[in-house]
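Let's take a walk through this structure together, one part at a time. Keep the picture open beside the text as you read.

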Amino acid sequence: MQPAGTPPDAPAALLARIAQGDREAFGRFYDAFAGLALGLIRRILRDPAASEKVLQEVFWQIWQEAARYDPRRGSPEAWVVMRSKTRAIDRLRAIRRREKTFVAPVDESVARSSETPGENPGVAAETKGLVRSALDGLPEPQRRVVELAFFEGLTQSEIASRLGKPLGTVKTRARLGLDRLRSLMTGKVRAEP
Amino acid sequence: MNRDEIAELAAGYALGALDAEDRARFEALLAAGDAEAPAALRDFEGVVTGLAAETAATPLPAVKAALMARIDAQGRSREAVVRTLSSVKADRSRPSTWTLVLSGAMAAGIVAIAVGLAVSAAYDRRLTQLAQEAAALKQEAERQQSVVALLRDPATQVVAFSGLEPAPGAKARMLWHATAGGLLVAQGLPPAPEGKAYELWAVAGKGTPVPAGVFTVDAKGVGSLRVAPMQAAGAVDTFAVTLEPAAGVRAPTGAMYLAGKL
């Protein structure tokens, strides 16, 4: 391991090499961030097999589009996180659309045909028992806004209409939520206001 | 723009939740080299990345292996294209007197072959016809053998399909075997309109429907389909039939006519 900050190993430098078609740099970039990406994708999708497919899509896209990374718009980590989030949410929406249009009529027909009832355990059971999160340390209104934005992919105005709150309130809660999360993560927890 | 406003935009941006207009405003700030925006963004990005890192997981080695193989394949096909292009160029840049001699000889050869072909064309047509008949018979015999094998196997299950809204009176039965495929027989379906056919789908749990073949029905509404063995068919527990373009599609688009569960 080289000392931190050594340019050729820094994530941004790896991305520049990937943009030139450097396979080895891609392997290192993958090793550094695939775990981070997969955890987030799983948390959104809650389906391990589908998550690994999305992970593969995300990194394939990174291989092909590394040249589009713009350091002014954020760190490479944040770039990977945002791409993973977007892809996972796209997949989640596709699954929900399909469940509405495809699985529902099947279940209905099976119920009508009076055969053994389908034992779909549902996704809900898997959603229990998630890891304890720094999010638990947030006041409920802030936590809700951060979750809707980050794990469900809603925009701030969508969150406002979902919660029936003014857009300004949603923006403030997002900011206060992230401020407090930062304090929680760095151990500088302040008394809850 | 005051400091609070910048911090709010940065938080929304780091969460990936800004509406288009706000996002454009914030990106313009970043591009313009604003002093506060990048600092605020770095701060919040760290929080968001930290949130993602709470659940970091180790992917299966197969994911990386598949990506690397894809990269290698992409490299190989690029090289092949480059090679082909450069060889075409090289050939064109070296005209030779041999080319003229060879093309003359080839022209003579082509005339001779054309005469020979005319003589043997009739025989060829007959041979082709016989070969086609033999292939059709062989295919039918194989189809029947595979159906008998399915019936004999104790692991073969029978799936009952019932008709849905577009054809409530339709029904179907399918012999289904996890590794040998299946045989679907449907009745009571309306004849598919011009350019359309029925497509069978296999679904494992809440997974993506996998196409399992297309079929049409006769004037009486009866049709059958030999379903080829599928990968990972062991997990399949639901089947459905939809009306689709006659060539079949990769994901269902049309109305569902039949559905059944194992």
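In other words, chain A has eight helices and zero strands. One thing to keep in mind as you look around: this is a predicted model. Of the 193 residues in chain A, 36% count as buried. If you take the contacts within chain A between residues at least 6 apart in sequence, 57% of them join residues at least 24 apart.

**Where the two chains meet**

**The nonpolar cores**

In soluble globular proteins, nonpolar side chains tend to be buried together. Here, the largest nonpolar core has 65 residues. Which residues have the most contacts inside it? They are Ala37(A), Ala149(A), Ala10(B), Ala14(B) and Val48(B). H2(A) makes the largest contribution to this core, 13 residues. Apart from this core there is another one, of 31 residues, and Leu164(B), Ala233(B), Tyr257(B) and Ala259(B) are among them.

Ala149(A) is worth a stop. Setting aside its neighbours within four places in sequence, Ala149(A) is in contact with Leu154(A), Ile159(A) and Ala174(A), and also with Leu15(B) and Ala17(B).

The table puts their lengths and spans next to each other.

| Helix | Residues in helix | First to last C-alpha | Expected at 1.5 Å a residue |
|---|---|---|---|
| H8(A) | 19 residues | 27 Å | 27 Å |
| H1(B) | 12 residues | 16 Å | 16 Å |

Which residues of H8(A) are buried? They are Val170(A), Lys171(A), Arg173(A), Ala174(A), Arg175(A), Leu176(A), Gly177(A), Leu178(A), Arg180(A) and Leu181(A). The cover over the buried residues of H8(A) includes H6 and H7 of chain A, together with H1 and H3 (36-53) of chain B. After H8(A) comes Gly187(A), with a positive phi near 85°.

H1(B), which spans residues 3-14, is mostly covered, with nine of its 12 residues buried. Those buried residues are Ile6(B), Ala7(B), Glu8(B), Leu9(B), Ala10(B), Ala11(B), Gly12(B), Tyr13(B) and Ala14(B). Just past the end of H1(B), Gly16(B) takes a positive phi of about 70°.

**An arginine in a loop**

Now back to chain A, in the loop between H2 and H3, where Arg46(A) sits. The phi of Arg46(A) is near 60°, which is a positive value in a residue other than glycine.

Chain B holds an open sheet of eight strands, in the order S5-S4-S7-S8-S1-S2-S3-S6, with antiparallel pairing. Why is one side of S5(B) and of S6(B) left without a neighbour in the sheet? S5 (210-215) and S6 (223-227) of chain B stand at the edges and each has a single partner strand, so one side of each stays without a neighbour. On average, neighbouring strands of this sheet are turned by 20° against each other, direction ignored.

A few of the pairings can be followed in detail. S4 (residues 196-203) and S7 (residues 238-245) of chain B pair in the antiparallel sense over eight bridges. Trp201(B) has Ala240(B), in S7(B), as its bridge partner. S1 (residues 157-163) and S2 (residues 171-177) of chain B are also antiparallel, over six bridges, and there Val159(B) has Met174(B), in S2(B), as its bridge partner. S1(B) is also joined to S8(B) (residues 256-261) by three bridges, again antiparallel. In that pair, Gly163(B) stands opposite Leu258(B) in S8(B).

Terms used: Residues are numbered from 1 along each chain as its sequence is written. Chains are lettered from A and ligands numbered from 1 in the order in which they are written. This is a predicted model: local features need pLDDT of at least 70, side-chain atom pairs count only at pLDDT 80 or more; totals for chains, interfaces and linings use all residues. A nonpolar core is a set of buried Ala, Val, Leu, Ile, Met, Phe, Trp, Tyr and Cys residues joined through C-beta atoms within 7 Å. A residue is buried if 20 or more other C-beta atoms lie within 10 Å of its own, exposed if 12 or fewer, and partly exposed in between; C-beta atoms are placed from the backbone. Helices (H or I, at least four residues) and strands (E, at least two) are DSSP runs, numbered from the N terminus. Two residues are in contact if their C-beta atoms, placed from the backbone, lie within 7 Å. Two strands pair if DSSP finds at least two bridges between them. The expected span of a helix is 1.5 Å times one less than its number of residues. Axes are lines fitted to C-alpha atoms, for helices over the stretch in contact, and angles run from 0 to 180 degrees between N-to-C directions.
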